[in-house]
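Q: Could you walk me through this structure before I plan my reading of it? I would like to start with how its parts are named.

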Amino acid sequence: MNVNNNMKKITLALGGGGIKGFAHIGVIRQLLKEDFEIAAITGTSVGGIVGSLCAAGFSTEEMEKFSKELNFQKMINRAPNDPPSLVGLQGLFNILKAKLGDMTFNELKTPFVSTAVDINTGREIIMNVGKILPAIQATSAIPGLFPAVRMGDMDLVDGGVLDPVPVSPARWLFPDYPIVAVSLSVPNSEWGEVDKIQVPSYVPVPDFIMQHFNQLRLSQAMKIFVDSSDITSNMIAELRLRIEKPDVLLHPKIYKYSIMDQVDVDEAIAYGEKAVKESLSEINASFSAYKRLNRWMRPSYMNGTLLSEIMPDLMSTND
């Protein structure tokens with residue numbers, strides 16, 4: 001199916017998945033190669049990080065270079081005033097600060113929002129105003145593992161707790177454009193075939209110590225808890241995607257990695273590119289008159305609460 005280039009505007013919804021998020025770079029790269037215009041981006045967790053860099057104007061080549069220069073051991077550290085958490089991500093945020101500076105949402109080249117959850121009220125918060133970096137910190141704050149972000153009366157954590165792939169905010173941004181959603185979670189049908197989360201592969205722990213640790217009852221109990229949480233997260237993603245129905249759902253087959261493994265960046269990008277190539281006919285079909293009519297008839301609701309409604313003073317933040 002041939003599509004007029006003037007019509008090939010899409011909204012991209014990028015899901016969470018930890019270090020597997022390098023696949024998002026491949027998705028963006030291949031969509032641009034196929035002459036699709038990314039009119040807006042929404043992102044949760046790592047999808048928020050990649051999405052914000054893309055919205056700020058970084059090319060996929062720049063993002064790839066940046067990804068390959070990351071030192072995972074130096075990324076995982078805490079700031080002196082961090083709230084309680086097992087570890088921190090201050091090393092990563094220091095690097096992102098050098099890239100994004102004090103850029104605000106209204107300074108981005110492409111419209112973008114990220115999502116977070118206020119653990120005090122249980123509300124999903126749509127981060128759409130103020131500085132980009134705090135929004136990225138909030139959407140990446142895996143509960144308990146990384147520090148929550150204090151903002152006003154809210155303590156914000158990873159948006160994936162309620163919305164692993166932010167389709168609803170994407171529809172709110174541009175209801176007339178097809179939504180291409182990217183999920184990095186493992187489909188339930190393939191859950192039994194993938195490796196479960198282990199101690200990150202870049203942590204220098206001798207094998208004999210790990211073997212001993214894995215035999216401890218506490219370790220086995222933690223493994224059951226983590227695996228159960230992962231199943232819950234995958235099911236939430238699947239159910240929300242069934243309800244919110246993006247025009248196209250991409251599932252890069254990057255399942256062999258857990259969310260905290262050290263990933264081969266080239267391989268992850270290739271998974272993203274392949275996912276677009278395999279769904280190209282479906283993406284093109286989303287521009288048909290029938291699909292456009294369906295979008296026009298579907299209400300553009302918002303599941304979350306806009307940050308601009310809670311903290312309107314941030315709308316003029318430029319310093």
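A: Helices, of at least four residues, and strands, of at least two, are DSSP runs numbered from the N terminus. The model is predicted, and its chain has 13 helices and nine strands.

Q: OK, so where does Lys 245 lie in that scheme?
A: Lys 245 lies in the loop between H9 and S8. Although Lys 245 is not a glycine, its phi is positive, at about 50 degrees, and with a relative accessible area of 47% the residue is partly exposed.

Q: What about Ser 45, what is its phi?
A: Ser 45 is not a glycine, yet it has a positive phi of about 55 degrees. The residue lies in the loop between S2 and helix H2, which spans 46–55, and Ser 45 is buried, with a relative accessible area of 7%.

Q: Changing topic, how many aromatic pairs does the structure hold?
A: The structure holds three aromatic pairs. In one of them, Phe 36 with Phe 287, the ring centres are 6.0 Å apart and the planes are at 15 degrees, so the pair is stacked.

Q: Which parts does the pair of Phe 36 and Phe 287 tie together?
A: Phe 36 is in the loop between helix H1 (22–33) and strand S2 (37–43), while Phe 287 is in the loop between helix H11 (280–285) and helix H12 (289–297), so the pair ties together parts that are 251 residues apart in sequence.

Q: Is Phe 36 buried or exposed, and what about Phe 287?
A: Phe 36 counts as buried, at 3% relative accessibility, and Phe 287 is buried as well, with a relative accessible area of 4%.

Q: What sits over the ring of Phe 36?
A: The charged end of Lys 8 sits over that ring, 4.2 Å from the centre of the Phe 36 ring.

Q: On to charges, how many salt bridges are there?
A: There are 15 salt bridges in the structure. One of them is formed by the side chains of Arg 29 and Glu 64, at 2.8 Å from N to O. Since Arg 29 lies in helix H1 and Glu 64 in helix H3 (residues 60–68), the pair ties together parts that are 35 residues apart in sequence. Both Arg 29 and Glu 64 are buried.

Q: And what does Asp 102 form a salt bridge with?
A: Asp 102 forms a salt bridge with Lys 131, with 3.9 Å between the closest N and O atoms. Asp 102 is in the loop between helix H5 (90–100) and strand S3 (112–118) and Lys 131 is in the loop between strand S4 (123–127) and helix H6 (132–139), so this pair ties together parts that are 29 residues apart in sequence. Asp 102 counts as partly exposed at 40% relative accessibility, and Lys 131 counts as partly exposed at 29%.

Q: Which residue does Asp 247 meet in a salt bridge?
A: The side chain of Asp 247 meets that of Arg 295, at 2.8 Å from N to O. Asp 247 lies in the loop between helix H9 (217–244) and strand S8 (248–250) and Arg 295 lies in helix H12, so the pair ties together parts that are 48 residues apart in sequence. Asp 247 and Arg 295 are both buried.

Q: Which residues do salt bridges that share partners join into one network?
A: That network consists of Arg 29, Glu 61, Glu 64, Lys 68 and Asp 266.

Q: Back to H3, then, which of its residues are buried?
A: The buried residues of H3 are Thr 60, Met 63, Glu 64, Phe 66 and Ser 67. Looking down the axis of H3, these buried residues fall within an arc of 165 degrees, so they line one face of the helix. Glu 61 and Lys 65, on the other side of H3, are exposed.

Q: What covers the buried residues of H3?
A: The cover includes H1, H2, H5 and helix H10 (265–278).

Q: Last topic, which residues in the largest nonpolar core touch the most other members?
A: Of the 66 residues in that core, Leu 12, Phe 22, Leu 96, Met 127 and Leu 307 touch the most other members. Leaving out residues up to four places away in sequence, Phe 22 touches Ser 67, Leu 70, Phe 72, Val 263, Val 265, Ala 268 and Ile 269. Another core, of seven residues, lies apart from the largest one, and among its members are Val 165, Val 167, Ile 179 and Leu 241.

Q: And how much of the chain do buried residues make up?
A: Of the 319 residues in the chain, 51% are buried.

Terms used. Residues numbered from 1 in each chain as written. Predicted model: local features only at pLDDT ≥ 70, side-chain atom pairs only at ≥ 80, totals over all residues. Heavy atoms only, no water. Phe/Tyr/Trp six-rings, centres within 6.5 Å; stacked < 30°, edge-to-face > 60°. Buried < 20%, exposed > 50% of the residue type's maximum accessible area, 1.4 Å probe, protein only. Lys NZ or Arg CZ within 6 Å of the ring centre and 35° of its normal. Salt bridge = Lys/Arg side-chain N within 4 Å of Asp/Glu carboxyl O. Core = buried A, V, L, I, M, F, W, Y, C linked by side-chain atoms within 4.5 Å. Contact = heavy atoms within 4.5 Å. Arc of directions from axis to C-beta.
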